[in-house]
Protein chains: 2
Amino acid sequence: MSRQRTAQKPSITRNKSSGTQRLEALRKFNANTRGAIRESNEMRLLQAAETVFAARGFSGATTAEIATRAKLPKANLHYYFRTKAELYRAVLANVLELWLDELDRFTSDREPTEAIAEYVAAKLNWSRKRPNASKVFANEVLHGAPFLKAYLSNDLRRRVEDKSEVVRHWIAQGKMRPLDPKHFFFQLWAVTQHYADFDVQVRAVLGRGRLTDQDFATAAENITALILHGCLVPARTRPA
Amino acid sequence: MSRQRTAQKPSITRNKSSGTQRLEALRKFNANTRGAIRESNEMRLLQAAETVFAARGFSGATTAEIATRAKLPKANLHYYFRTKAELYRAVLANVLELWLDELDRFTSDREPTEAIAEYVAAKLNWSRKRPNASKVFANEVLHGAPFLKAYLSNDLRRRVEDKSEVVRHWIAQGKMRPLDPKHFFFQLWAVTQHYADFDVQVRAVLGRGRLTDQDFATAAENITALILHGCLVPARTRPA
DNA sequence: GCCGAACTTGACCATTTGGTCAGATCATCG
DNA sequence: CGATGATCTGACCAAATGGTCAAGTTCGGC
């Protein structure tokens with residue numbers, strides 16, 4: 001009920017109220033580009049949170065550690081994100097934005113070889129550049145997706161349904177072996193995200209302190225070769 | 001210093017002391033087959049712990065919930081396992097026992113086709129029968145393997161090193177495509193464990209309440225086909 | 001330079017949780 | 001049986017942690 005609570009997070013989606021009030025909100029919203037301070041602090045918090053949630057999971061993460069990492073006092077964190085859960089949700093939303101769209105590369109008019117190779121490269125690239133994002137997501141799903149169940153069952157499911165159609169098309173064209181499209185996507189996800197989520201294991205086995213660009217290049221080559229040989233119908237050897 | 005603490009966990013590895021004491025310990029150790037009660041209660045606790053750790057992670061799990069699930073009072077849990085960490089370690093040890101050995105199927109004298117197909121089937125089978133074991137392990141690695149780092153860098157690493165040699169042998173024989181053996185193992189692990197660790201996602205996409213035997217059969221077929229086509233050198237088509 | 005709103009923060013609090021303990025009960029063996 | 005150690009357990013505690021709050025300070029528009 002305090003000032004902060006009602007004023008917080010001026011969002012376009014909040015209750016429409018009287019015209020003047022709406023106008024005023026909009027003005028402020030545009031005026032300072034949505035609050036430069038807010039923008040910057042939310043950013044810092046989100047980034048710190050991603051790191052800490054990735055390292056410790058939802059329950060293991062403490063708002064104190066996140067705040068410290070963001071170089072803000074804990075009370076300040078709770079000014080921008082009422083609860084730990086709200087902050088976590090925000091981090092997840094960020095992550096989904098990344099994940100969501102690489103699938104768009106799959107369209108009927110393309111060659112599966114290219115689409116798949118690009119997809120593998122793109123996902124693997126995220127695993128290298130944003131391993132923490134991947135880990136937060138993995139952790140969420142691993143523990144039953146308490147925050148993402150709806151997303152998985154709706155958005156993601158539909159998306160995969162769609163793209164499965166494309167794969168079936170390629171199969172019908174004789175370009176891909178007859179495989180189950182959904183399981184095919186599972187396999188793509190599994191091999192690409194492995195390098196982010198299980199990096200400790202990968203590093204231990206490879207004997208590396210951290211994965212180098214070279215390691216990722218090798219991974220990309222191996223995955224691409226395996227997947228492409230695995231799912232494509234080999235170009236017909238010209239009849240003798 | 002209390003009675004319980006010193007008497008707890010009569011293990012063969014504890015300090016050798018006076019001859020009579022040693023004898024007495026041994027007698028009891030054999031007498032009631034290592035304490036039927038202890039055996040049974042530790043079992044119940046380990047099983048409950050596996051479930052709870054899988055669902056909530058190390059930090060999220062509470063000894064209270066584990067105890068409740070095992071139908072024992074919390075104090076009793078702490079009688080058998082001094083700390084949550086000790087219980088967790090015990091669960092992990094259990095899990096590793098499962099994981100450890102499927103790799104033994106890889107020996108130079110076998111055909112890669114068979115070894116790989118069997119390995120995939122075996123791992124996938126564990127994902128179906130002991131998903132919680134897989135999840136506990138995944139969670140541990142995901143969060144930096146604070147308890148397993150040593151195991152990964154030593155036992156596992158050596159094991160993979162060994163088995164890589166076998167794969168190289170197969171490659172030299174012209175039975176497998178020239179691929180990086182270690183990355184090949186990563187890919188095997190990734191696709192097979194995915195069905196345990198990310199089952200919520202898999203279920204959401206497939207629209208299932210739970211994964212059926214049929215789902216696992218389909219998964220097995222798809223994975224095996226993908227991997228085998230992906231890594232084997234196709235039988236030479238008889239020269240025309 | 002003034003005003004209201006946005007932001008900051010140290011101090012505080014209620015709850016949760018891992019772990020302890022002392023005393024009661026039970027099992028077994030001579 | 002009776003003794004001895006294993007097992008059990010309700011009551012308790014200290015520390016950690018998410019979240020609150022009231023009293024500030026700063027900012028942006030007028």
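Guide: A term to start with: a polar contact is a pair of N or O atoms within 3.5 Å, and within protein one must be able to donate a hydrogen and the other to accept it. Residues adjacent in sequence count only if both atoms are side-chain atoms. Also note that this is a predicted model.

Visitor: OK. How many residue pairs in polar contact are there between chain B and chain A?
Guide: Ten residue pairs, with both residues of each pair at pLDDT 80 or more.

Visitor: Which elements of chain B touch chain A?
Guide: Those that give two or more residues to that side of chain B are α3 (36–60), α8 (131–142), α9 (149–172), α10 (181–197), α11 (199–206) and α12 (213–231).

Visitor: Which one gives the most?
Guide: α10(B), with twelve residues.

Visitor: And how does that side of chain B divide by class?
Guide: It has 31 nonpolar, 17 polar and nine charged residues.

Visitor: Give me one. Which residue does E42(B) meet in a salt bridge?
Guide: The side chain of E42(B) meets that of R38(B), at 3.1 Å from N to O. Both residues lie in helix α3 of chain B, four residues apart, which is about one turn of the helix.

Visitor: Why would side chains pair like that?
Guide: Side chains of opposite charge can pair when their charged atoms come close.

Visitor: Back to the two chains. How many residues are in contact?
Guide: 57 residues of chain B are in contact with 56 residues of chain A.

Visitor: What area do they bury?
Guide: About 4700 Å² between them, and 68% of that is on carbon and sulfur atoms. On the chain B side, L142(B), V205(B) and L226(B) supply 15% of the area buried against chain A, more than any other three residues.

Visitor: New topic. How many cavities of 30 Å³ or more does the structure hold?
Guide: Four. The largest cavity has a volume of about 150 Å³.

Visitor: Which residues are closest to the centre of the largest cavity?
Guide: Of the 15 residues that line it, the closest to the centre are W99(A), L100(A), Y151(A), L156(A) and W189(A).

Visitor: Which elements supply its lining?
Guide: α6 (84–100), α7 (112–129), α9 (149–172) and α10 (181–197) of chain A each supply at least two residues. The largest share, four residues, comes from α9(A). By class, the lining of the largest cavity has nine nonpolar, two polar and four charged residues.

Visitor: What about the second largest cavity?
Guide: About 130 Å³ of space lies in it. The residues that line this second cavity include Q201(A) from chain A, and W99(B), L100(B), Y151(B), L156(B) and W189(B) from chain B.

Visitor: Which element gives the most there?
Guide: α9(B) gives the most to the lining of the second largest cavity, with three residues. The residues of that lining divide into eight nonpolar, two polar and two charged.

Key: Residues numbered from 1 in each chain as written. Chains lettered and ligands numbered in written order. Predicted model: local features only at pLDDT ≥ 70, side-chain atom pairs only at ≥ 80, totals over all residues. Heavy atoms only, no water. Contact = heavy atoms within 4.5 Å. Buried area = accessible area lost by both parts, 1.4 Å probe. Nonpolar A, V, L, I, M, F, W, Y, C, P; charged D, E, K, R; others polar. 1 Å grid on protein atoms, 1.4 Å probe; cavity = no way out; pocket = protein on both sides within 12 Å on 5 of 7 lines; lining within 4 Å. Points joined across faces, edges and corners; volume = space filled by probe spheres on them. Salt bridge = Lys/Arg side-chain N within 4 Å of Asp/Glu carboxyl O.
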